[in-house]
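Thanks, everyone, for making the time this morning.

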Amino acid sequence: MDLGGDRYGDEVVSAIERACESDPRTALRLVAEYSSHWWSQGLQDEAAAAAERVLSILGRSVPVGLDEEYLLAVLHGAGSAEQEQLELAQQIVQATTGPFRYSVTVLLWSLVFGPFESTAAVEEVLARNEGGDAWTRAAVELCRGYPGLTSATPGDAAQALRTALGRFRMLDDRWGMFLALTALREIVDDPVDVISEALELAEKLRADDESGLLLCQRGELYRRHGDLDAAGEDFSWALALAEHAELPETAAAAHIGLARVARGCGDLLTAREHLAVVLSRDSDDLEDARYEAMHELNLLINSEASA
């Protein structure tokens, strides 16, 4: 896997690779030091690959004095980390009484491990990091409002997310703004405007997967509000993007959305054609989509019977 994508990224990867062979402690420090760069550039896959490389060398050994660096490596590589490494990372968090030394740690921990922790544990970690730099304070507010992480009421969560959005905007952190907006869309009563702003950011960030999902969500909102033309445009855009980026689940969602729009317009033949595409695909990853398409097909059959 190409961890870089540009000259600077390639240099980072080369430095980590060399350090893995001769000095794992330095390699671990590099992963921690470049965490903010990976975050700001949306290079989560690159960060994960680099972290996994270092963790494969270190195994279950935490170098003396590099506890938080080890924690960051596990957070980046959590998808493939060993159970013992995950447990070591949690022990590091439990043993830490003050704020984290790296700004990005509180956000990554909250998003990766937070959903599996009690709200009290998450709130305790956030509380001891709320006096950090401007970026950390923005991240703390983001996590306070993030759905399911804390015991905040919907109103308090929405306010925290708006505060985080404003702070990330002042810092010109697009990924922070994007996360705040995508979390806020789950709380506000009418999320169309929030989704639209998130879409603009996703395009700038070249986040095709996220763009496709947001387009499908906005398209469904338009459809439910009766604006079938706008819904059709969003689902068509999502389908084109998904096919170009090879995102089968997003493509299936777009086909189902277009089928619903066609049924709403009385074009039952086009609706059937879109559903047939989804039902013809046998990937295990599309099982839910096929179930949804079959449900939509039944509605279509009932529409034809009553026509």
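**Two helix pairs, a few residues, and the chain**

Let me begin with α12 and α13, which are roughly antiparallel to each other, a label given to angles over 145 degrees, whereas angles under 35 count as roughly parallel, 65 to 115 as roughly perpendicular and the rest as oblique. Before I go further, please keep in mind that this is a predicted model, in which local features need pLDDT of at least 70 and side-chain atom pairs count only at pLDDT 80 or more, while totals for chains, interfaces and linings use all residues. Residues are numbered from 1 along each chain as its sequence is written, and side-chain values use heavy atoms, with hydrogens and water left out.

Helix α12 covers residues 192-204 and helix α13 covers residues 208-224, and the two pack at an angle of about 155° with their axes 10 Å apart. Those axes are lines fitted to C-alpha atoms, for helices over the stretch in contact, and the angles run from 0 to 180 degrees between N-to-C directions. The helices themselves are DSSP runs numbered from the N terminus (H or I, at least four residues), and strands would be runs of E with at least two. On the α12 side the contact, meaning heavy atoms within 4.5 Å, includes Val192, Ile195 and Leu199, and on the α13 side it includes Leu214, Leu221 and Tyr222. By class, the residues of this contact divide into nine nonpolar, three polar and two charged, where Ala, Val, Leu, Ile, Met, Phe, Trp, Tyr, Cys and Pro count as nonpolar, Asp, Glu, Lys and Arg as charged, and the others, Gly among them, as polar.

The second pair is α4 (residues 44-58) with α5 (residues 67-76), which pack at an angle of about 125° with their axes 8 Å apart, and these two helices are therefore oblique to each other. Here Ala47, Ala48, Ala51, Leu55 and Leu58 of α4 meet Tyr70, Ala73, Val74 and His76 of α5, so that by class the contact has eight nonpolar residues, one polar and no charged ones.

Apart from neighbours within four places in sequence, Glu141 is in contact with Ala160, Leu161, Thr163, Ala164 and Arg167.

Asp172, in the loop between α10 and α11, has a positive phi of about 55° although it is not a glycine, and Asp172 is exposed at 60% relative accessible area. Glu246, in the loop between α14 and α15, also has a positive phi of about 55° without being a glycine, and Glu246 is exposed at 67%.

As for cysteines, the structure holds zero disulfides, a disulfide being a pair of cysteine sulfur atoms within 2.5 Å. The sulfur of Cys265 is 17 Å from the closest cysteine sulfur, that of Cys216, which is too far for a bond. Cys143 is buried, with a relative accessible area of 0%.

The C-alpha trace spans about 75 × 40 × 35 Å along its principal axes.

Conventions
Buried means under 20% relative accessible area, exposed over 50%, partly exposed in between (1.4 Å probe, protein chains only).
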